[in-house]
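Here are my notes on the model you sent over. Please read them with the structure open.

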Amino acid sequence: MTQLHNRTAGQETNRVMTPDELEAALRAVGAERYHNLHPFHRLLHDGALTRGQVQAWALNRYHYQASIPAKDAALLSRLPTAELRREWRRRLVDHDGTEPGTGGIARWLKLAEGVGLVDAAYVESREGLLPTTRFAVDAYVTFCREKPILEAIASSLTEMFSPTIIRERVSGMLANYDWVSEETLAYFKPRLTQAPRDVDFALAYVKEHARTPEQQQAVIAALRFKCDVLWSQLDALYYSYVAPGNIPPGAFVPEV
């Protein structure tokens, strides 16, 4: 069975997929690997976490949110045309804002405050991160800085799947945590329009420029890698704050 599977996979890499087949293969990665399937997210959305566990999620997720413009800036510096740079720099504005207190990072700090992490300086310092969070997110920034442009762009395509998880997260958290408000979750509303806009560009770029079997397999692998980055962060949260509950030295320790 294994030999047959390997032969089939090898044959697939020797054939150029049509753009629509490539898109279907990319979407299949999300159907199998996107972190909405992780048990920690099910607990989060279903109201089964304590306030302290939600705080741990918000704190660790901040490192990911705050690193997105860093990875986008690294990629932006390598884009060869003004047209591509203009397109990609919108992502920087989305997260960094145009002035202090605006943009996605500022809204995530408001989310952290809303779930009880009132010391914004502590959140921004990232002192309480889980080691896995730091390693996984930093690996993603390195990936986008060093891998071919095509693969770096493809890795952003987890945004194809984000509107679904955002809707689940917002509705679930509002329904199940009486200490969470719409204002707390204000980060997510703009992402419902920003993410699909970004996907339209990135997906079109990948479908146009992944022209060989090797390039097509590389962009699929890039998306798998990004899904692994997101999944591993939730693995660490579950292990540290749910079961067995082994919080590593120096990491955030909830009061409740």
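Helices here are DSSP runs of H or I at least four residues long, numbered from the N terminus. The model is predicted.

1. **Histidine 35.** With helices counted that way, histidine 35 falls in the loop between α2 (19-33) and α3 (39-45). Is this residue buried or exposed? Histidine 35 is buried, because its relative accessibility is 2% and the cut-off for buried is under 20%. Beyond its neighbours within four places in sequence, histidine 35 contacts His41, Arg61, Ile165, Arg169, Leu230, Trp231 and Leu234.

2. **The nonpolar core.** The largest nonpolar core holds 72 residues. Leu26, Trp57, Leu157 and Val206 have the most contacts inside it. As background, nonpolar side chains in soluble globular proteins tend to be buried together.

3. **Tryptophan 57.** Which residues does tryptophan 57 touch, leaving aside its neighbours within four places in sequence? The list is Phe40, His41, Leu44, Trp108, Leu111, Arg169, Met173, Phe188 and Leu237. Look at His41 and Arg169 in particular. Both are in contact with tryptophan 57, and both are also in contact with histidine 35.

4. **Cysteines.** How many disulfides does a search of the whole structure find? The search finds zero. Cysteine 144 is in no disulfide, and the nearest cysteine sulfur, that of cysteine 227, is 13 Å away. A disulfide would need the two sulfur atoms within 2.5 Å. Cysteine 227 is likewise in no disulfide, with the sulfur of cysteine 144 as its nearest cysteine sulfur. Cysteine 144 counts as buried, at 1% relative accessibility. Cysteine 227 is buried too, with a relative accessible area of 1%.

5. **The α5 and α11 pair.** Helix α5 covers residues 82-96 and helix α11 covers residues 188-209. Their axes come within 11 Å and cross at roughly 155°. Angles over 145 degrees count as roughly antiparallel, so α5 and α11 are roughly antiparallel to each other. The crossing of α5 past α11 is left-handed. From α5, the residues that meet α11 are Leu84, Glu87, Trp88, Arg90, Arg91, Asp94 and His95. On the α11 side they meet Arg191, Gln194, Arg197, Asp198, Phe201, Ala202 and Tyr205.

6. **Glutamine 233.** This residue sits in helix α12 (residues 213-241). Glutamine 233 counts as buried, at 6% relative accessibility. Apart from neighbours within four places in sequence, glutamine 233 contacts Tyr64, Thr133, Ala136 and Val137.

7. **Backbone points to check.** Most residues other than glycine have a negative phi, and most peptide bonds are trans. Two places call for a look against that background. Arginine 126 is not a glycine, yet has a positive phi of about 65°. Arginine 126 lies in the loop between α7 (120-125) and α8 (131-146). It is partly exposed, with a relative accessible area of 21%. The other place is the peptide bond from alanine 243 to proline 244, which is cis, with omega near 5°. Proline 244 is in the segment after α12.

8. **Alanine 120 and serine 162.** Alanine 120 is in helix α7. Its relative accessible area is 34%, so alanine 120 is partly exposed. How far apart are alanine 120 and serine 162, in sequence and in space? They are 42 residues apart in sequence and 26 Å apart in space, C-alpha to C-alpha.

Note on methods:
Residues are numbered from 1 along each chain as its sequence is written. This is a predicted model: local features need pLDDT of at least 70, side-chain atom pairs count only at pLDDT 80 or more; totals for chains, interfaces and linings use all residues. Side-chain values use heavy atoms; hydrogens and water are left out. A nonpolar core is a set of buried Ala, Val, Leu, Ile, Met, Phe, Trp, Tyr and Cys residues joined through side-chain atoms within 4.5 Å. Buried means under 20% relative accessible area, exposed over 50%, partly exposed in between (1.4 Å probe, protein chains only). Contact means heavy atoms within 4.5 Å. Axes are lines fitted to C-alpha atoms, for helices over the stretch in contact, and angles run from 0 to 180 degrees between N-to-C directions. Helices (H or I, at least four residues) and strands (E, at least two) are DSSP runs, numbered from the N terminus. Angles under 35 degrees count as roughly parallel, over 145 as roughly antiparallel, 65 to 115 as roughly perpendicular and the rest as oblique. A crossing is left-handed if the near helix is turned anticlockwise from the far one by less than a right angle, and right-handed if clockwise.
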